[in-house]
Amino acid sequence: MIITKILSILPLVFFTLTACAQTQAISEDSVTDQPEGSGIVLINKYYEETDTFAEGVGTVDSTAMLSAHNRWRAEVGVPDLVWSESLAQAAQIWAEHLSNNGCCAMYHSGGGYGENIYKVSAVVWSNGRREIQTRTPLQIVDGWASEAKNYDYENNTCNGICGHYTQIIWRDSTELGCAVAICPDKAQMWVCNYAPVGNIEGQRPY
């Protein structure tokens with residue numbers, strides 16, 4: 001019997017302000033079976049050596065992540081970010097904290113640097129089996145940067161949510177470190193940290 005594949009309709013939540021019981025989705029991206037250009041690959045173990053997980057759970061391809069960020073920064077003429085292992089380690093600690101808190105809720109660490117968070121839901125089959133779906137660094141970053149359409153440079157305002165995008169392109173941020181962790185329900189928590197912190201009130205990103 002062919003098992004019908006059903007993708008979870010849980011939102012790919014980018015960011016919340018509160019803990020588990022009060023999680024609030026700020027932005028979402030619908031998940032479909034094989035959206036054009038998505039590059040989704042279904043896997044039934046915690047990782048494979050793909051461009052999403054380099055050598056293990058929590059390890060991201062730093063070259064791909066930098067490239068994805070710096071492509072958006074180049075569009076507005078700001079210098080490239082460089083990779084920071086210390087920021088990546090901090091991101092790993094926070095991603096694991098979020099993934100192990102019992103409900104895979106999303107909220108900021110308050111660690112003193114810029115922080116973008118992205119949650120990817122699991123693939124759910126008709127028999128209840130869950131699998132991890134891969135996401136590349138490019139997909140994660142482009143998800144955040146899709147907020148560019150909401151940013152009004154002239155007035156330095158957001159028409160909706162744009163803070164993930166403006167952190168990516170923040171001129172004074174020079175370093176980047178990212179990580180990913182797997183939740184008990186096989187969802188994923190991606191965390192990227194930026195230093196110096198961006199999104200300073202009253203300032204333009206570039």
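This is a predicted model: local features need pLDDT of at least 70, side-chain atom pairs count only at pLDDT 80 or more; totals for chains, interfaces and linings use all residues.
Residues are numbered from 1 along each chain as its sequence is written, and side-chain values use heavy atoms, with hydrogens and water left out.

A search of the whole structure turns up 3 disulfides (a disulfide being a pair of cysteine sulfur atoms within 2.5 Å).

**Cys 158 and Cys 162**
- The sulfur atoms of this pair sit 1.6 Å apart.
- Cys 158 is partly exposed at 41% relative accessibility, whereas Cys 162 is buried at 1% (buried is under 20% relative accessible area, exposed over 50%, partly exposed in between, with a 1.4 Å probe and protein chains only).

**Cys 104 and Cys 183**
- Here the S to S distance is 1.6 Å.
- Cys 104 is in the loop between α2 (85-99) and β4 (114-120) and Cys 183 in the loop between β9 (175-182) and β10 (188-195), so the bond ties together parts 79 residues apart in sequence (helices, H or I of at least four residues, and strands, E of at least two, are DSSP runs numbered from the N terminus).
- Cys 104 is buried at 3% relative accessibility, and Cys 183 is buried at 0%.

**Cys 178 and Cys 192**
- These sulfur atoms are 2.1 Å apart.
- The S-S torsion is about 110°, so this disulfide is right-handed.
- Cys 178 belongs to strand β9 and Cys 192 to strand β10, so the pair ties together parts 14 residues apart in sequence.
- Both Cys 178 and Cys 192 are buried.
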